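Work through the exercises below with the sequence and the structure at hand. Try each task before reading its solution.

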Amino acid sequence: MKKVIVMMAAAAMLFSACCTKQCDTPSVSGVVMENILARKSVRSYNGDTIPAAVMEDLLRAAMAAPTGMDIRPWCFVVLTDKSEYETIFDGNGNMKKFMESGAIIVVCADTTVTRPTREDPDGPAVTRPNPMWRDDVAAATENLLLAVEAYGLGACWTACYPFPNTMAPVKAALGLPETVIPYAVVPIGYPATENTPKDKWDISRIHYGRW
Ligand SMILES: Cc1cc2nc3c(=O)[nH]c(=O)nc-3n(C[C@H](O)[C@H](O)[C@H](O)COP(=O)(O)O)c2cc1C
């Protein structure tokens, strides 16, 4: 009898916990947290290609990122050919390890916005700098990496912007317009090795109320 009462109490506690707002969809929030915490940089791949439908999903995730004033400055160049990898790497020894990736997505940003100004919303379209483009493409890049993780793929964010020597061969090889910046080069592939996420939780980085 005692055992039954304990079990009933436990079930009631579980039920009441799951009825609170925080716990509306415990399985979904669990999966999302698991995905975020499992993401890690992967730098060696088995050379397999990535199905087109998966690639489309990865790009869909990237484009779902938040974006200042809803400008959406991102554009993506998808490479699947090793000769194309070589051109953008331009002999950079540090990038050699990414030759076995199934695809490379070059995350780019159009640094300008062309539309009527706020002051004259019915006036002609004007091209002017978008001061928030970096934030937007960084958010898109992280979304992309999380989608990669969700598909059991591996990827690595490699820096392109703001390094002139890294950007130049990418811009030239891809024929990017003047206002389009190659922001990050993201090799993606099926991991060739086990990779463990780093635990970056650091409570000393958090300040409540004030510093
Ligand atoms: C802006 C940025 C630039 C990066 N550039 C490179 C790079 O050029 N080459 C590389 O191997 N990894 C690069 N990384 C990956 C980091 O080294 C990696 O995220 C970091 O060591 C943390 O490891 P984790 O991604 O496994 O959590 C870059 C990451 C960011 C966010």
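The exercises go from the whole chain to single residues.

This is a predicted model, in which local features need pLDDT of at least 70, side-chain atom pairs count only at pLDDT 80 or more, and totals for chains, interfaces and linings use all residues. Residues are numbered from 1 along each chain as its sequence is written.

**Exercise 1. State how many helices and strands the protein has, and give their pattern.**

Step 1. Helices (H or I, at least four residues) and strands (E, at least two) are DSSP runs, numbered from the N terminus.
Step 2. The protein has six helices and seven strands.
Step 3. Along the sequence the pattern reads α-α-α-β-α-β-β-β-α-β-β-α-β.

**Exercise 2. Decide whether H3 and H5 are parallel, antiparallel, perpendicular or oblique.**

Step 1. Axes are lines fitted to C-alpha atoms, for helices over the stretch in contact, and angles run from 0 to 180 degrees between N-to-C directions.
Step 2. Helix H3 (residues 52-62) packs on helix H5 (residues 133-150) at about 140 degrees, and the axes are 7 Å apart.
Step 3. Angles under 35 degrees count as roughly parallel, over 145 as roughly antiparallel, 65 to 115 as roughly perpendicular, and the rest as oblique.
Step 4. H3 and H5 are therefore oblique to each other.

**Exercise 3. Find the residues of H3 and H5 that meet, and sort them by class.**

Step 1. Two residues are in contact if their C-beta atoms, placed from the backbone, lie within 7 Å.
Step 2. Asp-57, Leu-58, Ala-61 and Ala-62 of H3 meet residues of H5, including Ala-140, Asn-143 and Leu-144.
Step 3. The contact of H3 with H5 has eight nonpolar residues (Ala, Val, Leu, Ile, Met, Phe, Trp, Tyr, Cys and Pro), one charged (Asp, Glu, Lys and Arg) and one polar (the others, Gly among them).

**Exercise 4. Is Thr-114 buried or exposed?**

Step 1. Thr-114 is in strand S3 (residues 112-115).
Step 2. A residue is buried if 20 or more other C-beta atoms lie within 10 Å of its own, exposed if 12 or fewer, and partly exposed in between.
Step 3. Thr-114 has 11 C-beta neighbours inside 10 Å, so Thr-114 counts as exposed.
Step 4. Leaving out residues up to four places away in sequence, Thr-114 touches Ala-125 and Thr-127.
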